[in-house]
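Please have your viewer ready.

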Amino acid sequence: MLAFIVKRLIQSALILLGVSFITFALLYLLPADPVRQIAGRSATPETVANIRTQLGLDKPFVVQYARYLGNLVQGDLGRSYLQKTEVSTLIASRLPASLLLMLGAIVCELVLGITMGVVAALRRGTSTDNALMMASFIGVSAPQFVVGLLMLYVFAVQLHWFPIGGYGTFAHLVLPSITLGILGSGWYSRMMRSSMIDVLRQDFIRTARAKGLSRMRVLSRHALPNAILPIIAMIGIDVGIFMGGIVVVESVFGWPGIGQLAWQAIQRVDIPIIMGVTLVSACAIVIGNLVADIASLFADPRIKVR
Amino acid sequence: MALAETNTALLPPTVWQRLKKRKLALFGMALIFLTLSGAIFAPYLTPYEPNDQMFDGLTMQGAPMAPGAQFALGTDLLGRDLLTRILYGARTSLIIGLVANGVALIIGTFVGVTAGYFGGIWGGILMRFTDLMMAFPALLLAICLAAIFQPSLWIVAMVIATVNWVQTARVLYAETASLSQREFIAAERTLGAGNMRILFRHILPHLTPTIIVWGTLGISTTVLLEATLSFLGVGVQPPTPSWGNIIFENQTYFQAAPWLVFFPGLAIVTLALAFNLVGDALRDVLDPTQRGRA
């Protein structure tokens, strides 16, 4: 078990090294020149050359990457070209908002997904089952910006139940969380349904019924816990879906998280910020996958450690 | 004659026979057919041009027109007919859906199958690279790529292909690795068959069902990714109509003119849903281990 975790940790570190290299290489190839952006249109060639030397952008690729990596290890993600602030500070100040949004989304997708999945499994083959599975298909087929804009229109513009975007109170959190969570709830409801159907088929469920337990008790004490565990273990994997989703959802709802930060940086070609957010996202995804792997070991001890 | 008839009746049902019993799959196929017809026959279905900024396409105050008799789905900010733009936008979505997904499928199959079959250092390098790609948030990577290359229809298709081959590669890698260990492959090799023959005559035919299923589901992912990129302004560029960039262009006006978000949004959901429904039914029908589990 410990050996497995150590091995996965080393793998994760190597993956992150690879991610940093690819991110750096991609942005090195970027045709838009950040120096021009900082210096402005009227700058003399000398000023441009000076800024280039200051930022170290005249050095060869390998030297630039080595310097970048050296700073990275010390937790230094570089400075934003335009905002003149440390990228790590910018990301740190934006991260809590994004984490809050993801937490809201996890709650939404679990509540929605598990409820739909359980009901569909219990009503298997009926029209309720069909309707719920159709709904889950629509959930995974709806792009988040469409869901977000429609939610805004119906619940904020027309019904005035929630504010039109922004950040601060619980009411601000509701619509973005649902928007970010709907995609996942589609997947979860399908997994929950098949997991529940598998469990209900097991011998111990029949035994529980046979020894005279009520249907409610069999469901709540025997079937549900067994069916839910493998689902919960997968939450870590959602991080990957969320990291793309927050760019869209945060820009639709004006939510001040790292997704919005990345989006603004892309429009202004602020390379250190883009690299920083991509790296932080990749870190989160790697950690999420690691947690999911370890969690599934605990959720189902029958899984053999390879 | 009677014997022949009995024999056909006893044959296991073909894929098509099993597929057409599933209402949801038929519904999905109907939606795909509808979108495809809309895209192909767009010039005959609408009297307007997609980029025609019509003088009578805006109200006296210069606002978009609501859906009505003259413009069935209303007009956009620039006075262009929304239905026309959605019909021509279907071309963008389908072209990108098919091309990007086709390229992703070829890359994924090549990486997964060769890594699984040859294994060793080659397989190790390919699969570590696949792991690396899995760690990237696909959307962020696609945004970075789209920002590096000036986005055109084909560049967007290639960007999507670059980030979308990973799942296919992983699934096919696992299947190929286990197939390669089977006796009939060893037997074939003993008989003197070369790698190419084994790969193309034995491995690939076994993988066809998986490739078809992932290929169909992948179109849905591709359509959604294209819409999202275009919505963020780094996908297909206006004036070329795409369902995503119609919403991008009109987003500021959506409170006053919600149809400008609703109809293109509905089109995206419909097409993505259609391929998901068909792909899911194909998975049930083609995968023997899933048979009987509705």
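At what angle do H6(B) and helix H9 of chain B pack, and how far apart are their axes? In this predicted model, the angle between H6(B) and H9(B), which covers residues 166-180, is about 140°, and the axes are 10 Å apart. Because angles over 145 degrees would count as roughly antiparallel, H6(B) is classed as oblique to H9(B). The crossing of H6(B) past H9(B) is left-handed.

Now zoom in on the side chains of this pair. From H6(B) come Met127(B), Thr130(B), Met133(B) and Met134(B), and they meet Val166(B), Ala169(B), Arg170(B) and Tyr173(B) of H9(B). Sorted by class, this contact holds six nonpolar residues, one polar and one charged.

Stepping back, you will find that chain B has 13 helices and zero strands. Its C-alpha atoms fill a box of roughly 80 × 60 × 30 Å along the principal axes. Chain B has 294 residues, and 45% of them count as buried. Among its contacts with a separation of 6 or more, 71% link residues 24 or more positions apart.

Finally, let's turn to the partner chain. The contact between the two takes 33 residues from chain A and 30 from chain B. On the chain B side, H6 (120-135), H7 (138-148), H11 (195-231) and H13 (259-286) each supply at least two residues. H13(B) gives the most, with eight residues. By class, this side of chain B has 24 nonpolar residues, five polar and one charged.

Notes:
Residues are numbered from 1 along each chain as its sequence is written. Chains are lettered from A and ligands numbered from 1 in the order in which they are written. This is a predicted model: local features need pLDDT of at least 70, side-chain atom pairs count only at pLDDT 80 or more; totals for chains, interfaces and linings use all residues. Two residues are in contact if their C-beta atoms, placed from the backbone, lie within 7 Å. Helices (H or I, at least four residues) and strands (E, at least two) are DSSP runs, numbered from the N terminus. Ala, Val, Leu, Ile, Met, Phe, Trp, Tyr, Cys and Pro count as nonpolar, Asp, Glu, Lys and Arg as charged, and the others, Gly among them, as polar. Axes are lines fitted to C-alpha atoms, for helices over the stretch in contact, and angles run from 0 to 180 degrees between N-to-C directions. Angles under 35 degrees count as roughly parallel, over 145 as roughly antiparallel, 65 to 115 as roughly perpendicular and the rest as oblique. A crossing is left-handed if the near helix is turned anticlockwise from the far one by less than a right angle, and right-handed if clockwise. A residue is buried if 20 or more other C-beta atoms lie within 10 Å of its own, exposed if 12 or fewer, and partly exposed in between; C-beta atoms are placed from the backbone.
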